[in-house]
Every structure is written in C-alpha cells, then in structure tokens.
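Biologist: I have the sequence and the coordinates open. Can you walk me through a few local features?

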Amino acid sequence: MAKQRVLITGGAGFLGSHLCDRFLKEGYYVIAMDNLITGNLKNIEHLMHREDFEFYHGDVSNYVHVPGELDYILHFASPASPIDYLKMPIQTLKVGSLGTHNCLGLARAKNARILVASTSEVYGDPTVHPQTEEYWGNVNPVGPRGVYDEAKRFQEAITMAYHTYHKLETRIIRIFNTYGPRMRLNDGRALPAFLGQALRGEDLTVFGDGSQTRSFCYVDDLVEGIYRLLLSDYPYPVNIGNPDEISIKDFAEEIIKLTGTQQKIVYKPLPQDDPMQRQPDITKAKEILGWEPKVARSEGLKITYEFYAN
C-alpha cells in the first residue's frame, strides 16, 4: 500500500522539523517546504538521504504547488518569535494571510485535510486567566506585535471560512510557549535567550520586574498533541500547551541552577504589548484528544540544555 503523503510548511523550522521526524516515524511520506528565512537546513539534514522524504525550497506566500496526491497539510510556516516578526513584519503578515490562503487552496485541490498552526498570541495580553478557547483576546492591531497576532487571527478566520463554505477538513491548534532541541538560541524568547546567555557566561536579561508568567511545553508533548488533533474530527481551535505556569524571574533562577553558572539577573524595561500572563486551559485537549503534557520542565530543560552544551 502506498504511504500517505503529508506536506509540512515551515518544515526546516524548530517545530516543523520535529513534525517531519514524527510523521516519518509514523510511516508517512513527508514533503517539507521552507523558504529558510528563519528555518535552517541543519534541522532536517539527517532526513535528506531518505526515500520517504523530500524538501522544497519555496515561499508559500507566493505560490505553493506539490505534484501528486496529498492526504494532509500542516501549515507551520511563519516567523514565530518577536525578534523575527519585528524584523520581518510584512513577511509575517503575508505568510499568515496569503500563505494560509494558498495552503487552503492546495488542500481543497488535493482533497487533503489541513491543520494550521495558530498561537496563544491570538489572546493578546489576556484579561482572562487561564485562557480558554472561547476567550476572544485583547490584541492591539496596530502595535508592533500586531503583525503576528493579527496574521494568526486572520489565519483562523479564513480557515474556518474554508471549513464552513467549502466543507474543507480543517484543524486549528493554538500553540503556547514550546521549547526543546533545535530552537534558535538567538530568537529572542525567554527560554532560548536564557540558555544562550548561560552557555556564553553572560548575565540573564529579564524584561520588566520578572513577575510576568509563561507556561513552557516540551516539544515532544506538543508534537503528540498536534498529531492527535490532526487525526481527530474536531474543527475548532484547541489549546495545546503546558499549564504549569512560572514567573520569568523564577524561571531565570531555574536556568542558573540547571547550568551551574554564577550569573546574576539583570532587569530591563518591558517591551510594548508584552503579555503579562500566559497559561493555557487545556480542558478541551484532555476531553477531545485525551492529551496532556507528560514531560516535566526539569526533565525537558535538562535534555534541551545538553543538546546545546554539546
């Protein structure tokens, strides 16, 4: 029997490359597509020799064409860290809008099921805590972060429109902070930034007073949630993340302890529209997908730290 074929956009990125690994392991034929503005071929070089894997260097915002049949599309192409989307605001908006439109059109042409990667950033700086899927968010559309938040909100809207109007099989995941091997250490997010600073022997930079919270999910847990959602029959958004919330200050102290380094914490002003709280309500993921995170932060951080230390 021919293998089922899956297209993963953003396939050379942090999450995309882990998804390539997982779908190959599950016996799929995997096609990865990436324009490499934030992705890195190093993340998938271990797959290039395989006969059940191919890579297209292309930008889904311009055009997306894949010859042959497709069973599934996972749309993960997008800059995803503040440093990237503040540097590339227009590409970020385009990949969330035009790129999503192109992927939905391809899914329709191929009669494929599509899962789009949305984000907890659709909640903006939330006034509801923890965040459930029913919360509509508190987003500044013209602030510096709006280019990412609104691109993802539009992505959800057009995906639902294709679902209701064209009866397309669609899935929407809202991803909360995720970490693990292959993250870019210079991507500006708290966890890679702290690890990078610790490895270089620099003091750890905390923005604001460090009381803002994040909830960090290990990448293998996230990939399991994505896999289950894709194969479920639920078309509405689902939060996937780890509800174990921690303040950024406490988290910086955890990293110092983990790395056994003697850095201090230095405080800098908080960037505009930086969310104060991030914690997923994962009731839906538990009930619909039977999913919850398994990897404790202490364990995940150890694996991640060893990956970079080597």
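Modeller: Gladly, and keep in mind that this is a predicted model. We can begin with K268, which sits in strand β13.

Biologist: Is K268 buried, partly exposed or exposed?
Modeller: Buried needs under 20% relative accessible area, and exposed needs over 50%. K268 has 44%, so it falls in between. The class of K268 is therefore partly exposed.

Biologist: Which residues does K268 contact, leaving aside its neighbours within four places in sequence?
Modeller: Strand β13 holds K268. Leaving aside neighbours within four places in sequence, its contacts are T205, V206, F207 and G208.

Biologist: How far apart in space are K268 and G210?
Modeller: In sequence, 58 residues separate K268 and G210. In space, C-alpha to C-alpha, the distance is 9.6 Å.

Biologist: Let us move to helix α7. What distance separates its end C-alpha atoms?
Modeller: Helix α7 covers residues 248-259, which is 12 residues. At 1.5 Å a residue, the helix should span 16 Å. The model agrees, because the end C-alpha atoms of α7 lie apart by 16 Å.

Biologist: Where around the axis of α7 do its buried residues sit?
Modeller: The buried residues of α7 are I248, F251, A252, I255, I256 and T259. They cover an arc of only 145 degrees around the axis, which puts them on the same side of α7.

Biologist: What do the buried residues of α7 pack against?
Modeller: Two helices are among the partners, α5 (190-199) and α9 (297-309). The strands are β8 (204-207), β9 (213-215), β12 (245-247) and β13 (265-268).

Biologist: Which residues of α9 are buried, and how are they placed around the axis?
Modeller: The buried residues of α9 are R297, G300, L301, T304, Y305 and Y308. Seen down the axis of α9, they fall within an arc of 130 degrees, so they line one face of the helix.

Biologist: What covers the buried residues of α9?
Modeller: Helices α5 and α7 are included in the cover. The cover also includes strands β7 (178-179), β10 (217-218) and β12.

Biologist: How many residues of α5 are buried?
Modeller: The buried ones are L191, P192, F194, L195, G196, Q197 and A198. Their cover includes β7, β8, α7 and α9. Helix α5 is mostly covered, and the buried count out of its 10 residues is 7.

Biologist: Is R182 buried or exposed?
Modeller: R182 lies in the loop between β7 and α5. Its phi is near 85 degrees, a positive value in a residue other than glycine. With a relative accessible area of 17%, R182 is buried.

Biologist: And N111, is it buried or exposed?
Modeller: N111 lies in the loop between α3 (89-110) and β5. It has a positive phi of about 55 degrees although it is not a glycine. With a relative accessible area of 69%, N111 is exposed.

Biologist: Which peptide bond at P130 is cis?
Modeller: P130 is found in the loop between β5 (113-119) and α4 (146-166). Omega is near -10 degrees for the cis bond, which runs from H129 to P130.

Biologist: Which residues does F23 touch, not counting those up to four places away in sequence?
Modeller: F23 is in helix α1 (residues 14-25). It is buried, with a relative accessible area of 0%. Not counting residues up to four places away in sequence, F23 touches V6, I8, Y28, V30, L74, Y227 and L230.

Biologist: How far apart in space are D233 and E253?
Modeller: D233 is in the loop between α6 (219-230) and β11 (237-240). It counts as exposed, at 68% relative accessibility. D233 and E253 are 20 residues apart in sequence, and their C-alpha distance in space is 42 Å.

Biologist: Last one. Which residues come closest to the centre of the second largest pocket?
Modeller: The second largest pocket has a volume of about 260 Å³. Of the 13 residues that line it, the closest to its centre are E133, Y135, W136, E156 and R174.

Note on methods: Residues are numbered from 1 along each chain as its sequence is written. This is a predicted model: local features need pLDDT of at least 70, side-chain atom pairs count only at pLDDT 80 or more; totals for chains, interfaces and linings use all residues. Side-chain values use heavy atoms; hydrogens and water are left out. On a 1 Å grid over the protein atoms alone, a cavity is a set of points where a 1.4 Å probe fits but cannot get out, and a pocket is an open set with protein on both sides within 12 Å along at least five of seven lines; lining residues have an atom within 4 Å of a point. Grid points are joined across faces, edges and corners, and a volume is the space filled by probe spheres set on the points. Helices (H or I, at least four residues) and strands (E, at least two) are DSSP runs, numbered from the N terminus. The expected span of a helix is 1.5 Å times one less than its number of residues. Buried means under 20% relative accessible area, exposed over 50%, partly exposed in between (1.4 Å probe, protein chains only). The arc is that of the directions from the helix axis to the C-beta atoms. Contact means heavy atoms within 4.5 Å.
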